[in-house]
Amino acid sequence: MSKVKFHLPGLRYNFPLNMFWLNMLKQYPQYFRDGVEIASFFGCFPFSLWNGGRLISDDQCDAAFVRHVISSINAQGIPVRFTFTNPLITEEDLADEFCNFCMKAGDNGKNEVLVFSPILEEYIRKNYPSYKIDSTTCKEIRDVDALNKELEKDYKYVVLDYNMNNQWDLLEGLKHKDKLEVLINALCIPNCPRRGDHYKNIALNQAIMKENKTLPPEKKKHIIPWKCEYGDMNNLYTIQDYCTFVSPELIWDKYVPMGINNFKIEGRTANLFSLIETYCFFMIKPEYVGKVRLLLLRNLEANRIIQVNKPRPSVFKP
């Protein structure tokens, strides 16, 4: 049976969900589609200046939480994968105390880093050689020759630009398909002209957020606004007509037989219920989706990850 490897989002907000999901895979493998395996949990611990792809504000993880998450995930035999894909990293940013702490906390030979900036990649390879390096989809590589060159480099995985999804003639011509990772639920419209600018907006805002930590309230700078009429409103059920959407049927019937078996689910800052729906859609056999969804929600409620408020008692006055 071919392994079908999924890379799941979130080290901070989705950590409880991901651990429950992993436990469910171990306890109830019969509910899952054939060959499903969890290959990594990706994301960052706020506030990480090197982070890219998603803006996470007004949050800060302490050292104990970072160590706990990394050790808990690694104890299950699964890598933590830092999304350090900020495209505007400078030499000065390499000294960031918290990001270096996170790297040291996971410096055990088990973990990975997604990179964009050549400056940061060189720094990590020199100072944290135990980490496996992955090439991010944020690079927007859409040329077959350029992608083949990227696949030839010393990366564990190269995440495909979502615009190349389902382009079978192009995919067939790629080398090292075992290193290719496909983003299956991209919320961006196909050929979005603003995707690269969005990554840069996140990077600029992170620099502002870091500076604001040192400023008094009256001198704090405003975040540069960003609004997307597509990605901000899309969800699993609004993107299924996109040519870039990868259905479970395409995963098992087209990609895996082609030799591509790594699949990334985006959603580091997604709504919890949307993420549950997405996980079930891709990884659970259709006849068990309802059962698994309910089982998962009950577990999350029992552990107070989800809180259901009850009416407050009152006094009867006739």
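Trainee: Before we look at the helices, how is an axis defined here, and how do the angles run?
Mentor: Axes are lines fitted to C-alpha atoms, for helices over the stretch in contact, and angles run from 0 to 180 degrees between N-to-C directions. Please bear in mind that this is a predicted model.

Trainee: Where do H1 and H9 lie in the chain, and at what angle do they cross?
Mentor: H1 covers residues 15–27 and H9 covers residues 272–283. Their axes cross at roughly 25 degrees and come within 11 Å.

Trainee: Are H1 and H9 roughly parallel or roughly antiparallel, then?
Mentor: Angles under 35 degrees count as roughly parallel, so H1 and H9 are roughly parallel to each other. The crossing in which H1 passes H9 is right-handed.

Trainee: Which residues meet there?
Mentor: From H1, Leu-17, Asn-18 and Trp-21 take part; from H9, they meet Leu-272, Leu-275, Ile-276, Tyr-279, Cys-280 and Met-283. By class, eight residues of this contact are nonpolar, one is polar and none is charged.

Trainee: Now to H10. How does H1 pack with that helix?
Mentor: H10 spans residues 289–302, and H1 packs with H10 at an angle of about 130 degrees, the axes being 11 Å apart. H1 is therefore oblique to H10. This crossing of H1 and H10 is right-handed.

Trainee: And which residues make that contact?
Mentor: H1 contributes Leu-17, Phe-20, Trp-21 and Met-24, while H10 contributes Val-292, Leu-295, Leu-296, Asn-299 and Leu-300.

Trainee: How many of the residues between H1 and H10 are nonpolar, polar or charged?
Mentor: The contact of H1 with H10 has eight nonpolar residues, one polar residue and no charged residues.

Definitions and conventions:
Residues are numbered from 1 along each chain as its sequence is written. This is a predicted model: local features need pLDDT of at least 70, side-chain atom pairs count only at pLDDT 80 or more; totals for chains, interfaces and linings use all residues. Side-chain values use heavy atoms; hydrogens and water are left out. Helices (H or I, at least four residues) and strands (E, at least two) are DSSP runs, numbered from the N terminus. Angles under 35 degrees count as roughly parallel, over 145 as roughly antiparallel, 65 to 115 as roughly perpendicular and the rest as oblique. A crossing is left-handed if the near helix is turned anticlockwise from the far one by less than a right angle, and right-handed if clockwise. Contact means heavy atoms within 4.5 Å. Ala, Val, Leu, Ile, Met, Phe, Trp, Tyr, Cys and Pro count as nonpolar, Asp, Glu, Lys and Arg as charged, and the others, Gly among them, as polar.
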